[in-house]
Amino acid sequence: MLLIYLAFVVLTAGALVLARWVKARGSLKLQPGLLSPLGSLYTLTTAFLLSNVIFQFTILRTALTEEVVTINKLGAVMSVLPVAQRIEARRLLYDYAESVAHDEPQAMLLGQRSEITQERIDRLRDFLASPDASLPEGGVVTPESASYMERASDFSFDLIDARERRLSLARQTLPARLWLAIAVMYFALALLAFLVQGGAWTTTWVATILLLAAPVPAVMLFVYSNPIANGLIDITATIEVALERSL
């Protein structure tokens, strides 16, 4: 974030130098009213980008919530298995959830997936597809056991789907051309502000206002486009709470 503010300081200084160079070569008759539409255009552009990034962030948080809920559901469904099978099933589910909490966040910061987590969910899926995850014949049929096979299969696929959605949204990088568009629009706004205003005191206040207000949308874009790295979503804490309560 400091680099973002530094970039805006450089842009502001460049706009100020260019404005003084232009003024030194002749008198300009620019209307201060031009600042309003240009400022609105800058605001609308950054607001549009920010709204899309926040929307993606919301989907990511929803995907993580669905993953936690599915882990809880799958753990509850496994309770109808015989003791030995239930212990093995929950161990595999616990190993997967623990890997999501500790291994996957580090890989997601780089926009990648954890091979350890992938291996553990594969082992869980293989177990649920094997005869070891089946109920013994001749056992007492209960409402829970009657639908066990169907629900276990559905929840296992739901778990895979939720993980894939989480991974696909973990790193919302903004293309360089979008950052360049924001920089160009801010430079134009700062340049026009310095051209239509005169006097050292006024120029100082214009520069101060620009540096206080204009970088905020860009900082928010950076924060929401990297929600895990910036602490907006704490996967480790979320999964650990689920493990304490259900497994």
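T70 is found in helix α2, in what is a predicted model. With a relative accessible area of 8%, T70 falls under the 20% mark and so counts as buried. What does T70 touch, once its neighbours within four places in sequence are left aside? The contacts of T70 are F155, D158 and L159.

Two packed helices are described by the angle between their axes and the distance between the axes. For α2 and helix α7, which covers residues 148-169, the axes lie 8 Å apart and the angle is about 155°. That angle is over 145°, so α2 runs roughly antiparallel to α7. The crossing of α2 past α7 is left-handed. On the α2 side, the contact is made by Q56, I59, L60, A63, L64, E66, E67, T70, I71, K73, L74 and V77. On the α7 side, the residues involved are Y148, R151, A152, F155, S156, D158, L159, A162, R163, R165, R166 and L169. Sorted by class, the contact of α2 with α7 has 13 nonpolar, three polar and eight charged residues.

E66 also sits in helix α2. Is E66 buried or partly exposed? Its relative accessibility is 33%, so E66 counts as partly exposed. Not counting residues up to four places away in sequence, E66 touches A162 and R165. E66 and Y186 are 120 residues apart along the chain, and 39 Å separates their C-alpha atoms.

Next comes the pairing of α2 with helix α3, the latter made up of residues 83-102. The axes of α2 and α3 come within 10 Å and cross at roughly 165°. α2 and α3 are therefore roughly antiparallel to each other. Their crossing is left-handed. From α2, the contact draws on E67, I71, L74, G75 and A76, and from α3 on R90, L93, Y96, A97 and V100. By class, seven residues in the contact of α2 with α3 are nonpolar, one is polar and two are charged.

Helix α11, residues 235-246, holds I239. I239 and E67 are 172 residues apart along the chain, yet their C-alpha atoms are separated by 9.2 Å.

A further partner of α2 is helix α8. How do the axes of α2 (residues 35-77) and α8 (residues 176-196) cross? The two axes come within 10 Å and cross at roughly 160°. That makes α2 roughly antiparallel to α8. Here, too, the crossing is left-handed. L35, L38, G39, L41, Y42, T45, T46 and L49 are the α2 residues in this contact. They meet L178, I182, M185, Y186, A188, L189, L192, A193 and V196 of α8. The contact of α2 with α8 has 14 nonpolar residues, three polar ones and no charged ones.

The last topic is aromatic rings. A pair of aromatic rings is described by the distance of the centres and the angle of the planes. How many aromatic pairs are there? The count comes to four. One of them joins F8 and Y186, which sit edge-to-face, 4.7 Å centre to centre and with 70° between the planes. This pair links distant parts of the chain, since F8 belongs to helix α1 (residues 2-23) and Y186 to helix α8, 178 residues apart. Both F8 and Y186 are buried. Another pair is F57 with Y224, whose ring centres are 5.3 Å apart; their planes stand at 80°, so this pair is edge-to-face. F57 lies in helix α2 and Y224 in helix α10 (residues 215-225), so the pair ties together parts that are 167 residues apart in sequence. F57 has a relative accessible area of 7% and is therefore buried. Finally, F8, Y42 and Y186 form one aromatic cluster.

Conventions:
Residues numbered from 1 in each chain as written. Predicted model: local features only at pLDDT ≥ 70, side-chain atom pairs only at ≥ 80, totals over all residues. Heavy atoms only, no water. Axes fitted to C-alpha atoms, helices over the stretch in contact; angles between N-to-C directions. Helix = DSSP H or I, 4+ residues; strand = E, 2+ residues; numbered from the N terminus. Parallel < 35°, antiparallel > 145°, perpendicular 65-115°, else oblique. Left-handed = near helix turned anticlockwise from the far one by under 90°. Contact = heavy atoms within 4.5 Å. Nonpolar A, V, L, I, M, F, W, Y, C, P; charged D, E, K, R; others polar. Buried < 20%, exposed > 50% of the residue type's maximum accessible area, 1.4 Å probe, protein only. Phe/Tyr/Trp six-rings, centres within 6.5 Å; stacked < 30°, edge-to-face > 60°.
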